[in-house]
Amino acid sequence: MQAGFSFIDWFIFIAYLIILLFLASYLSNKNINSSREFFTAKNSFAALPVALSLLATAQSAATFLGAPEFSYRYDLTLLGYSITSLLAIYIVVKVLIPKLYEMKAISVYELLQERFGGNSRRDVGIMFLVGRLFASGARLYMAALALSMILFYDISLVHVSFSVILLTLGALIFTYFGGIKSVIISDILQIIVYLGAGIAVVIYLYLSLAMDFSQIFQTLSEAQKLKYIDFELSFTNEGKFNIFSLLTGYMLLNIAAFGLDQDLAQRVLSCKDKKQAGFSLYGATLLSIPVSILFLSIGLLLFLYYQEHTISQKFAGESITIFMYYILNEMPNGLKGFVTIGAIAAALSSTNSVLGAMSSVAIEDIYKPYKIKHKKNIDETHFVKTAKTFVLIFAFLLSLMAILSFIIHSNSSIPLISFALGVMAYAYSGLLGVFASALFTNRGNAKLIPYSLFIGFASVFCMQGYTFGLNIGFAWQLVIGTTLSFGVMQLGKK
């Protein structure tokens, strides 16, 4: 057992941190003069860098460890998530993106203000901030938990808190000093490191097996690990991806993630025009397919590697993924350090994006409309300074939420990781219901939006296993919650 970091691992880890600091310094921009420049880089980006940034942001430490776990336990049906997301992207590109670029929007929620008026923009923005705080805080906790295990070989409060702060600071230096332009460019580095780590692990595992490709293929086929489409209809929360849930709930998830969630939509709105924005979305989705194959391959190779071994996926009482078990117990020095910075890269790209997204919603959808309403002719530099202040505030709140998640999880039987992966359904169901009414019907009004958001949130909450003991799959929770939220909006006339 190779516990903890060796000298070469620490060298790789520290070198990566130094590179991050130099890159952040290089990308810092003290001459940002407007909130549009801070949040959308004045719509200056072409499709390719935005596509790479979207790809990096969509990955996370949970994906880094979770995709190998899925193929190790099940098969390749997770691929369907990336493939069916192309349909969701088509809807976003055809219906939503043209309207946002016609409005010259900075936030996706500006569309609701134009459609419904009143406080619709503010209400939806608040729902996004609450949902994002819980989801991203819990996701940051999962990344910090993994980092603490690898760096210190324990999950004490001190070391997990240190890992949370380290990841938050790493994300903060790009968002605070350079805005979205700095974040997008840094994401390109993160995705290179992330993919490099995955490729290195696949090569090392393949060489460790002493089997040729035909033997590997035959063994996996016999074990039914190569199935990529599942036609079995299931409504339970087993974590499998059947074709029915992919074409319903998970398609809704992708529509919400890429079109209605400011976290990813902010990058799309930084493109030069709607054509480049569409290309960036299609590019990110197509690139996600080989990335998924890469990390699912790790799980398949681990399945072969551990066929003749008895293992226990436990660490200090915590259930861990098979990839984490391999990192902690089997991975050689040097490669462990490289894989660690790969996990950090995934965590940083998802955290820096959410800091910028939350700040943009707080400024553009809540603070700026209020400020302009009560005080005319405010200099744009005021909003830039306030945006940076909100970045700091949300960095603190996310860190606090991550540490709080650790404390709650340590003293509770609630499956936090499962909760964290699907928690955005609380906000997404309401957002989908409201936006569907705005885009496809003539009904609904601003007064109904808070009720619609609440019904979406409450219905998903009632379907959790830890509330009333229901065992409804995440995809179906989203379908039901969205339907109920949409129904509430249809009660009112335009």
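Phe-70, Tyr-74, Tyr-81, Phe-241 and Tyr-250 form a cluster linked by ring pairs. The model is predicted. Across the structure there are 26 aromatic pairs.

One of these pairs joins Tyr-72 and Phe-303 edge-to-face, with 6.4 Å centre to centre and 70 degrees between the planes. Tyr-72 belongs to helix H4 (residues 61-73) and Phe-303 to helix H13 (residues 274-305), so this contact ties together parts 231 residues apart in sequence. Both residues, Tyr-72 and Phe-303, are buried.

Tyr-305 and Tyr-326 make another pair. Their ring centres are 5.6 Å apart and their planes stand at 85 degrees, so the pair is edge-to-face. Tyr-305 lies in helix H13 and Tyr-326 in helix H14 (residues 322-329), 21 residues apart. Tyr-326 counts as buried because its relative accessibility is 1%, which is under the 20% cut-off.

Charges also meet rings. The charged end of Lys-225 sits over the ring of Phe-303, 4.7 Å from its centre. Lys-368 places its charged end over the ring of Phe-383, 4.9 Å from the centre.

Now the salt bridges. Side chains of opposite charge can pair when their charged atoms come close. The whole structure holds nine salt bridges.

| Salt bridge | N to O distance |
|---|---|
| Arg-121 and Asp-365 | 2.6 Å |
| Arg-132 and Asp-263 | 3.6 Å |
| Asp-187 and Arg-267 | 2.9 Å |

Which parts does the Arg-121 and Asp-365 pair tie together? Arg-121 is in helix H7 (residues 120-152) and Asp-365 in helix H15 (residues 335-374), so the pair ties together parts 244 residues apart in sequence. Arg-121 and Asp-365 are buried. Glu-110 joins Arg-121 and Asp-365 in a network of salt bridges.

Arg-132 forms its salt bridge with Asp-263. This pair links distant parts of the chain, Arg-132 in helix H7 and Asp-263 in helix H12 (residues 262-268), 131 residues apart. Arg-132 is buried at 6% relative accessibility, and Asp-263 is buried at 3%.

Asp-187 forms its salt bridge with Arg-267. Asp-187 lies in helix H8 (residues 157-209) and Arg-267 in helix H12, 80 residues apart. Both Asp-187 and Arg-267 are buried.

Last, helix H5. Helix H5 (residues 79-103) has 25 residues and reaches 35 Å from first C-alpha to last, close to the expected 36 Å. Where does H5 bend? The bend is at Leu-96, by about 40 degrees, and Pro-98 follows within four residues. Just after H5, Lys-104 takes a positive phi of about 55 degrees.

How values were computed:
Residues are numbered from 1 along each chain as its sequence is written. Side-chain values use heavy atoms; hydrogens and water are left out. Helices (H or I, at least four residues) and strands (E, at least two) are DSSP runs, numbered from the N terminus. The expected span of a helix is 1.5 Å times one less than its number of residues. The bend at a residue is the angle between axes fitted to the seven residues ending there and the seven starting there. Rings of Phe, Tyr and Trp (its six-membered ring) pair if their centres lie within 6.5 Å; planes under 30 degrees apart count as stacked, over 60 as edge-to-face and the rest as tilted. Buried means under 20% relative accessible area, exposed over 50%, partly exposed in between (1.4 Å probe, protein chains only). A charge sits over a ring if NZ of Lys or CZ of Arg is within 6 Å of the ring centre and within 35 degrees of the ring normal. A salt bridge is a side-chain nitrogen of Lys or Arg within 4 Å of a carboxyl oxygen of Asp or Glu.
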